[in-house]
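This briefing sets out selected structural features, grouped by topic. Please read it alongside the sequence and the coordinates.

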Amino acid sequence: MPKFFKSITKLILIVFTLGLLFTFSTLWYFSSDLPDYKILANYKPPVSSRVHSGEGTLIAEYALQKRLFIPYDSIPKKVINSFLSAEDKNFFSHPGVDAKSITRAVIKNIKNILSEKRLEGASTITQQVAKNF
């Protein structure tokens with residue numbers, strides 16, 4: 001019987017080691033060509049050009065992307081909390097990648113694939129911003 005437990009322990013250790021190796025190599029592969037996060041400090045979104053009349057009324061606005069800059073401090077807390085409740089409940093408690101949510105989504109998506117249901121996402125707001133850049 002002890003020989004059986006030794007074999008099982010070795011098998012578990014090998015599977016665990018291979019799992020860790022696979023996880024780290026996957027993370028390294030997908031993160032090796034990511035841009036440096038420090039460029040976000042100097043990010044300048046595309047601005048629009050506005051044409052005003054002599055009296056000051058807006059005649060036209062030209063832009064590739066229509067954006068309006070609003071400082072974080074001027075956004076009401078209810079708006080911030082509503083976005084976070086819909087997108088990323090743990091936004092202030094994880095470092096940008098929510099490992100617990102990703103693991104949950106992977107397990108749920110395996111079940112969804114088997115039952116032919118719609119897949120769900122696991123990305124955080126931080127991951128979505130990084131993807132869009």
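Helix 1 comprises the 30 residues 2-31, where helices (H or I, at least four residues) and strands (E, at least two) are DSSP runs numbered from the N terminus. At 1.5 Å a residue, helix 1 should span 44 Å, and the distance of 43 Å between its end C-alpha atoms agrees with this; the expected span is 1.5 Å times one less than the number of residues. The model is predicted, so that local features need pLDDT of at least 70 and side-chain atom pairs count only at pLDDT 80 or more, while totals for chains, interfaces and linings use all residues. Residues are numbered from 1 along each chain as its sequence is written, and side-chain values use heavy atoms, with hydrogens and water left out.

**Helix 1 and its surface**

- Helix 1 is hardly covered, as the count of buried residues among its 30 residues is 0; buried means under 20% relative accessible area, exposed over 50%, and partly exposed in between (1.4 Å probe, protein chains only).
- Phe4, Phe5, Ile8 and Ile12 make a nonpolar surface patch of about 400 Å².
- Patches are made of residues with over 30% relative accessible area and no salt bridge, with like charges joined within 9 Å and nonpolar side chains (Val, Leu, Ile, Met, Phe, Trp, Tyr) joined within 5 Å.
- Accessible areas come from the Shrake-Rupley method with a 1.4 Å probe, and for residues only the protein chains shown count as cover.
- Phenylalanine 5, one of the patch residues, is found in helix 1 and is partly exposed, with a relative accessible area of 48%.

**The strand pair and its salt bridge**

- Strand 1 (residues 49-52) and strand 2 run antiparallel and are joined by 4 bridges; two strands pair if DSSP finds at least two bridges between them.
- Within this pairing, serine 49 stands opposite tyrosine 62 of strand 2.
- The two strands form a hairpin with 5 residues between them, and glycine 56 in the turn has a positive phi of about 100 degrees.
- The structure holds 1 salt bridge, defined as a side-chain nitrogen of Lys or Arg within 4 Å of a carboxyl oxygen of Asp or Glu.
- In that salt bridge the side chains of arginine 50 and glutamate 61 meet at 3.2 Å, N to O.
- Because arginine 50 lies in strand 1 and glutamate 61 in strand 2, the pair ties together parts that are 11 residues apart in sequence.
- Both partners are partly exposed: glutamate 61 has a relative accessible area of 28%, and arginine 50 has one of 46%.

**The loop between strand 2 and helix 2**

- Aspartate 73 is found in the loop between strand 2 (58-62) and helix 2 (77-87).
- With 75% relative accessibility, aspartate 73 counts as exposed.
- Aspartate 73 and alanine 105 are 32 residues apart in sequence, and their C-alpha atoms are 33 Å apart in space.

**Helix 3**

- Asparagine 109 is found in helix 3 (residues 99-114) and is buried, at a relative accessible area of 14%.
- Not counting residues up to four places away in sequence, asparagine 109 touches Leu119 and Glu120; contact means heavy atoms within 4.5 Å.
- Isoleucine 107 also lies in helix 3, and its 47% relative accessibility makes it partly exposed.
- Between isoleucine 107 and leucine 84, 23 residues apart along the chain, the C-alpha separation is 23 Å.

**The loop between helix 3 and helix 4**

- Glutamate 116 is placed in the loop between helix 3 and helix 4 (125-132).
- Although glutamate 116 is not a glycine, it has a positive phi of about 55 degrees.
- Glutamate 116 counts as exposed, at 74% relative accessibility.
- Glutamate 120 is found in the loop between helix 3 and helix 4 and counts as partly exposed, at 25% relative accessibility.
- Apart from residues up to four places away in sequence, glutamate 120 touches Arg104, Ala105, Lys108, Asn109 and Asn112.
- The C-alpha atoms of glutamate 120 and valine 106 are separated by 8.7 Å, and these residues are 14 residues apart along the chain.
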